[in-house]
Amino acid sequence: MKDNVVIIGGGIAGMEAAKQLLSLGVKPILVEKAPRLGGHVASWHRLFPDMTLASDIIKRLEKDIAGANIFLETSVENISRKGRSYNLVLSNGITVNAAAVLFATGFSLFDAAKKEEYGYGVYDRVITNADLEAWMNGKKDSRIPASPATVGFVHCVGSRDIKAGNTQCSKVCCTTAIKQAIEIKERFPAAEVYCFYMDLRLFGKKYEDFYIEAQKDFGVHFVRGRVSEVGERIDGSLQVKAEDTLSGRPLRVGVDLLVLMSGMCCNPKAGALASSVKLELDSDGFLRSRDNVYEINRSNLPGVFYAGACTGTKTVPETAAEARAAALEIYNYLKA
Amino acid sequence: MIDRIPSGFNPFVIPFLFGMAFVLGYCLFGAVRILLQLPREDRKKLYLSLITPTTIYKNIRDIFCDCLLHVRLWKRNPVLGYMHSSIAFGWFMLIVLGHVEVLLFVPHRINLFYYPIFFNYFVAEANQTLRGAFMFFLMDLFLLLVMSGIAIAMIKRVRSRIVGMRKTTRHSLINLIGMYSLWAIFPLRLLAECFTAHISGGSFLTIPGNWVFRSILGNDLNLLPTWWAYSIVLCIFMCVLPFSRYMHIPAEMMLIPLRNAGLKVRDSRKGFARVQVMSCPNCGVCLDACPMSVSRADVRDCTVYLMRQMRAGNERRIKEISEKCLLCGKCEAVCQEGVEGPKLRLLERAKTEYRLSPDYSDIYVAAPSGKVLYFSGCMSQLTPSVGRSVESVMRKAGVDFDWMDREGGICCGRPMFTAGRLEEARGMVRRNEELILASGADTLVVSCPICFKMFREEYSLPGVRVVHYLEYFDELIAEGRLTLEKSELCYVYHDPCELGRGSGIYDQPRRLLGRAAAIAEAPKARAESVCCGGSLGSLTLDFARREKMTRASLENLYASHADAIATACPLCLATFGRYSDRPVRDVAEIIDQQTKGNNIEL
């Protein structure tokens, strides 16, 4: 019991860390509040830039961590520090004494209804990136027309937006929008697709190629300018008002479907749990790493480690790399 | 009672006479200057009002109630009301009774200006008369009244919270000199009358005082120096009066007739505005009222400091203060003098010159038509649920109407107007006027209070009734065209600045909400409502400061313990929505839900 390791969160960060710990000979306890593992990624269809099936990754990880103690539909109610170890009270009534705790609590998806000017929850033809992925995974969605003539994508919904309370860039939405625009064009080749962006931040390997491909091979239109407002016409279609800041002209585009690229924001429940054990929060609400350059995995407390989007917005490969690093840190910490 | 000094003069009256001459000269000169600064038609209006019996009565009543008795202040804060009225009314009575004494006992001295002020020095009570004893009793009584007010003023200076003020103004040196000299006048007068009481006579304060001092000192050597000190302090007070906040005493007597004549401020510095600036007593009631005062750094941008900077002529600060304000109008609502802070700021803003001027003449908008038009405004485009709910309710009531800016319209002009860009605002106003008048409409329903105020005040729409949807829905219900079902939720209604203080609509939203749900009242509601912080009025306030204001405003609403917040302004809705811990709904949304008979999902 002395060397228990608890991983909070069974998304890809928690799963990858569990896998690495198992390979190092440590059997972790994985606590996940949902009835299934995989977190946000599990509800995604394909991942950029190689169009990898998300379900493949999750299935592989699930197989790899079969040897861990996994509690599904369980959340951590309380953490308290006892000398060099931590006492975790779980919602299933079990109390665990852990030598090390890994926060892999991830992020929350921004609630697009908060940007009321885009009409999510008000107009019938407005969906989010997550809704589109769920639809592509086979879920029925009456908001998506059978054959849309025009589809719009709004970038940065709740990201880099002080009025929405989030100043951070969500990193993944630019490329996700490109990916989803391509997928829409694949399913509805006749549809015109417009992406409204303020910046395209295509920093990762092959992202820029992906962008060129979307324009050259799929004919997706990219319009630089934030959408100011969306209105509904009598026939249910939408009118998007934006400004094309490259040509300096105001634009009005009619679309049959509008996809809002909801960004990542901090997970408030993780913040509340962390604060109860005197872990520090950053100004953006995410957990504060000891150092943002070299000690992203470390917290201000010994024995508490971080992995993935709990410390800030991350892509899938970044999260996986951090999870591996955290597993090694924990292993070395337990050995010392 | 006999006249004691044959010449009826002593040199100690000279400082008093000098101060009096100075202050009277200054006020007379200032009043003439201000009258000349007024536009010709305003001046005519003023003169006419001064000979109209109803305004004469109103002027006298207002001067008596506001300047002497401070009736409005009594209603707001009884302790402060007592403090001000005891000093003002008590002092006034001392002067009046002084004249009565002179008329009664030494009528041949009435032409001497200073006699009523220094009466006790110049007379001797030969044999006790009932009349004399009664007058002396009254004089002591009113002196006591004034001194009790001064005592409260001293306490307020040290601990303003005791008299119910959280913040109080920081005074300049000249104000401090004025204040301390005012505080010194009455104790010195009491002292002087005490030293003289064995000669002149006195009453319950002065005679025992005289016994005590004479038994301790054993001589009258302090008699003349104290009268000198009294006169000198009066002189100091009157000499600093024109340059200190005490200028409000004479200025208010001019402000009341100007206001009662129905004049409007046309220039931010001259004429009527000048009288308002001079009338500000620096009391600081606006400090606690101002929503900006939640940030320490912004307290110095409240109206009282604008008045001070306008007197000092500090152009940089005047511009800064004028541009920062949210124009929520609360300082004006609580001001005892009726200083129009927001209006003066708007006039200041209009002085800024912009190099670029946008042109709206070629913007195309569809022409509306129909008897009833609905204008949702730009803000409602950002909160589409408001427009849709208004539309849905009107459809259910069977109103035949045209949503004139459904596909986009021309701005009502208020943002440009509040930025002081009056010409640009006029351009938009003219376009909208043409569209509305050409449509043949007789009713214009507006859902945004910001547009509503603009339509009501700056538009000329003959034959068209401009109503807010709250008024319109209220009428529809009264006509039996809408029936509401009551929800189990309890709402607290937030009065938007432009709708409440700006347009005086307080009852309709409460009546409507009361039919649709239970309502709770926030501690500060109606005219006291706290701005949400989102106002278009401010040109310079940053987001972090606005957030603080929004949270403070929400705290006031939370105190009602309601389940949800209701408002009738799309801007308040969006602003509260960002930080509120409970649902925020527009009244139109609630009415729409409750006319269907299903409960609102929160």
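This is a predicted model: local features need pLDDT of at least 70, side-chain atom pairs count only at pLDDT 80 or more; totals for chains, interfaces and linings use all residues.

**Sheet and helices of chain A, with notes on chain B**

In chain A, strand β12 (residues 150–157) and strand β13 (residues 192–197) pair in the parallel sense, and five bridges connect them.

- Within the pairing of β12(A) with β13(A), A:Val151 stands opposite A:Val193, which belongs to β13(A).
- The two strands are part of an open sheet of five strands in chain A, whose order is β11-β18-β12-β13-β14 and whose pairing is parallel.
- At the edges of this sheet lie β11 (126–128) and β14 (221–224) of chain A, each of which pairs on one side only.
- On average, and with direction ignored, neighbouring strands of the sheet are turned by 25° against each other.
- Helix α5(A) packs on the sheet, where it touches β12, β13 and β18 (257–262) of chain A, and its direction makes about 170° with that of β12(A).

**The helix pair α5(A) and α6(A)**

- Two packed helices are described by the angle between their axes and the distance between the axes.
- For helix α5 (residues 173–187) and helix α6 (residues 207–216) of chain A, the axes come within 10 Å and cross at roughly 35°, and the crossing is left-handed.
- From α5(A) the residues A:Thr175, A:Ile178, A:Ala181 and A:Ile182 take part, and they meet A:Tyr207, A:Phe210, A:Tyr211 and A:Ala214 of α6(A).
- Sorted by class, this contact holds seven nonpolar residues and one polar residue, with no charged residues.

**The contact between the chains**

- Chain A and chain B each bring eleven residues to the contact.
- On the side of chain A that touches chain B, the residues divide into five charged, four polar and two nonpolar.

**Chain B**

- Chain B has 27 helices and ten strands, and its C-alpha trace spans about 90 × 50 × 45 Å along the principal axes.
- Of its 602 residues, 47% count as buried.
- Among contacts in chain B between residues at least 6 apart in sequence, 75% join residues that are at least 24 apart.
- Helix α23 (residues 469–478) of chain B is mostly covered, with seven of its ten residues buried; among them are B:Tyr469, B:Leu470, B:Tyr472 and B:Phe473, as well as B:Glu471 and B:Asp474.
- After α23(B) comes B:Gly480, whose phi is positive, near 80°.

Notes:
Residues are numbered from 1 along each chain as its sequence is written. Chains are lettered from A and ligands numbered from 1 in the order in which they are written. A residue is buried if 20 or more other C-beta atoms lie within 10 Å of its own, exposed if 12 or fewer, and partly exposed in between; C-beta atoms are placed from the backbone. Helices (H or I, at least four residues) and strands (E, at least two) are DSSP runs, numbered from the N terminus. Axes are lines fitted to C-alpha atoms, for helices over the stretch in contact, and angles run from 0 to 180 degrees between N-to-C directions. A crossing is left-handed if the near helix is turned anticlockwise from the far one by less than a right angle, and right-handed if clockwise. Two residues are in contact if their C-beta atoms, placed from the backbone, lie within 7 Å. Ala, Val, Leu, Ile, Met, Phe, Trp, Tyr, Cys and Pro count as nonpolar, Asp, Glu, Lys and Arg as charged, and the others, Gly among them, as polar. Two strands pair if DSSP finds at least two bridges between them.
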